[in-house]
Amino acid sequence: MFGLAVALMAMGIQSCGGQTRPENKSGHDLWLGDITVPVVAVNKELLKQYDKEIGDEGFRIKKNDKGEAVIYANTQIGLMYGTYHLKRLGECGDLSKLDKEIVEVPAYKYRILNHWDNPNLTVERGYAGKSLWKWEELPGKIRPEYEEYARANASIGINGTVLNNVNADARMLSREYLEKVKVLADIFRPYGIKVYLSLNFAAPKHLANLKTSDPLDKDVIKWWNDKVAEIYSIIPDFGGFLVKANSEGQSGPQDYGRTHADGANMIADAVKPFGGIVMWRAFVYAAESPDRAKQAVEEFKPLDGQFRDNVIIQIKNGPVDFQPREPFSPLFGQLEHTNIMAEMQITQEYLGHSNHMVYLHPMWKECLDSDTYQKGKGSTVAAETLGKVHGNTQWSAIAGVTNIGDSVNWCGHQMAQANWYAFGRMAWNPELSSEEILNEWIKQTFTTDDKFVEPVAKMMLASREACVKYEMPMGLHHTFKGPDHYGPGPWDRSSRPDWEPAYYHKAAADGVGFDRTSKTGTDAVSQYHEPLKSLYDNVETCPENLILWFHHLPWDYKMKDGHTLWDELCYTYEEGIKEARGFIDTWKSVEKYVDPYRFNQVYERLVRQAKDAIWWRDATMLYFQQYSKMEIPSDCTPAQHTLDELRRFRLGISNYETPALDKLPEYTLE
Ligand code: GCW
């Protein structure tokens, strides 16, 4: 008993009377929070001889002959992970698993959160209040949340965090800010978490008034070398940099006629002596291109083999931008001599912000489990990013754009914490199923009572597919209104063609969908290896849940179930509406297991989610109807607004906010 108490106290958790409760100074709730764990006797053992199988972060848990659980690890961090694992087993009622030896080793070496937080405390695509990092108070004032954040991350295996937005303010590299970053790095270090920063490629110009930021210029190179040396003198275990270059207005090497490799290598050379890495994003696209989905491969494939070994190309899961469903990015299967990593989005930029309950692990797993066929069957995105396909596992990494802010429950929606939790668990072990991870989270966050866990898990597991159905089914994508990316607006206009929904849905009298086929389309299919290329290219074999991603089809195209494409779209939206409606009933049925505060917080959002589902259908199908001239089937939920009304509706929020529930279009649920 004593052993566990000591171990947990070291992690900021108090033991009380045979049970443990969190020392939650900030009053913010976490899965580490309001549940109790049965205490088992436990000893922790730092191994005298290095155990290769478990490495620097892994652990073993074995029972000794006194029946005590003993955690073995090579390092303190390994012991910490082992202790959290044991705690999780206790809280989930899984202590019987200790009957067999447990060996756990993290799959990815770099398991990193990306914050899109700005120095002025706004969070780009953040829907949980302001930034957690109170830059104006640092380095002087330290908030308890900083350590709670570290504990939460450590408990799920996160070992790195990029503190600032990829649309980076150059000031983050100034001495003033580095002193602030140091404070956070010092708090996170005991929890095995390194800090990283996003850099602004034009920092030499902005911070030092150099005439250029050309990566081949010797003064620029010297500036970066000196800056990096300064950073490591302040933060000796600084992790490295994340870079968004020549994308959406960010500066980059192409501003000087140089390549992404020139830019990345300059930074990589500077951090190399200190063991740092550079995560260089592949999220690049230019307005003129006829197909945005092809551009990452077009830019990065020719550079394959030119990057230093401590550069990792960070690729979004899909080829466009975090849509509810995309095929996997073909770039995962196109590089042979370059390290690659996946970037998942934990914050729900395109999936209802923090108003909708959408459990995202199934979406990420769909990507990681996708086979690129680069080296034949089994070359999954997981295998590629773990470095297994090309036999280079040293740089395996995965990133998640966080949904964390300073709101009381950290993520805005009670259920959105499940996505933070799931990302960490997936980075530790990508083989875990969506259900296993979700059950762990629900049990640790609410109760282990099956009468609650089963229905809630079922509801959450269905939520991602429901969101696809009520927002953008069958391969539709980017049909959003406005830059806030919340509601529907297939009619919307913008300053760039590739920021307009019509670029993607191409609805017209002759049909709907983006023709990416080899004969009549943009030939994006050819960026996939066989058999996928032919599978997607052929309308007969293309999976129907992606059909409008790859094909432009007439409104009366016959689907496999005999419906016309038009009817199929209507019925798929209808399913989404019904499922979202059903979530409310499920939640009501478990009311007695939840405290009123959390019950109501989720309830009112589920109601809004169901209303938004009808809004999405109304807007999309009424807009498409102008072209199809077909009727919405009479057995579908009737439209509650006209197209004109919906076109006139303005949300009026920035890219840093989630809409207030009472500021959205009026809808009635029957
Ligand atoms: O999805 C888009 C977002 C931008 C974001 C960009 C990116 C940080 O709309 O807000 O910028 O992606 O990933 O760089």
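1. Leu 121 sits in the loop between S7 and H3. This is a predicted model, and in it Leu 121 has a positive phi of about 80 degrees although it is not a glycine. Please look at the backbone there.

2. The loop that holds Leu 121 also contains Pro 139, between strand S7 (110–114) and helix H3 (144–156). The peptide bond leading from Leu 138 into Pro 139 is cis, and its omega is near 0 degrees.

3. A cis peptide bond is also modelled from Glu 530 to Pro 531, with omega near 5 degrees. Pro 531 belongs to the loop that runs between helix H14 (501–505) and helix H15 (532–537).

4. Which residues lie closest to the ligand? They are Glu 124, Lys 244, Arg 281, Asp 321 and Glu 349, out of 15 residues that surround the ligand.

5. For Lys 316, a polar side-chain atom is placed 2.7 Å from an oxygen atom of the ligand. For Arg 125, the corresponding distance from a polar side-chain atom to a ligand oxygen atom is 2.9 Å. In the case of Asn 167, an N or O atom of the side chain is 3.2 Å from an oxygen atom of the ligand.

6. Next, the helix packing. Two packed helices are described by the angle between their axes and the distance between the axes. Helix H11 (residues 417–428) and helix H12 (residues 434–445) have axes that come within 10 Å and cross at roughly 130 degrees. H11 is therefore oblique to H12. The crossing of H11 with H12 is right-handed.

7. On the H11 side, that contact is made by Gln 417, Ala 418, Tyr 421, Ala 422, Arg 425 and Met 426. H12 contributes Ile 437, Leu 438, Glu 440, Trp 441 and Gln 444. Sorted by class, the contact of H11 with H12 comprises 7 nonpolar, 2 polar and 2 charged residues.

8. H12 also packs with helix H13 (residues 450–471): their axes come within 10 Å and cross at roughly 130 degrees. H12 and H13 are therefore oblique to each other. Is the crossing of H12 and H13 left-handed or right-handed? It is right-handed.

9. From H12, the contact with H13 takes in Ser 434, Glu 435, Leu 438, Asn 439, Trp 441, Ile 442 and Lys 443. The H13 residues are Phe 452, Val 453, Val 456, Ala 457, Met 460 and Leu 461. By class, the contact of H12 with H13 has 9 nonpolar, 2 polar and 2 charged residues. Leu 438 and Trp 441 of H12 take part in the contact with H11 and also in the contact with H13.

Technical notes: Residues numbered from 1 in each chain as written. Predicted model: local features only at pLDDT ≥ 70, side-chain atom pairs only at ≥ 80, totals over all residues. Heavy atoms only, no water. Axes fitted to C-alpha atoms, helices over the stretch in contact; angles between N-to-C directions. Helix = DSSP H or I, 4+ residues; strand = E, 2+ residues; numbered from the N terminus. Parallel < 35°, antiparallel > 145°, perpendicular 65-115°, else oblique. Left-handed = near helix turned anticlockwise from the far one by under 90°. Contact = heavy atoms within 4.5 Å. Nonpolar A, V, L, I, M, F, W, Y, C, P; charged D, E, K, R; others polar. Near = heavy atom within 4 Å. Polar contact = N/O pair within 3.5 Å; in protein donor to acceptor, adjacent residues only side chain to side chain.
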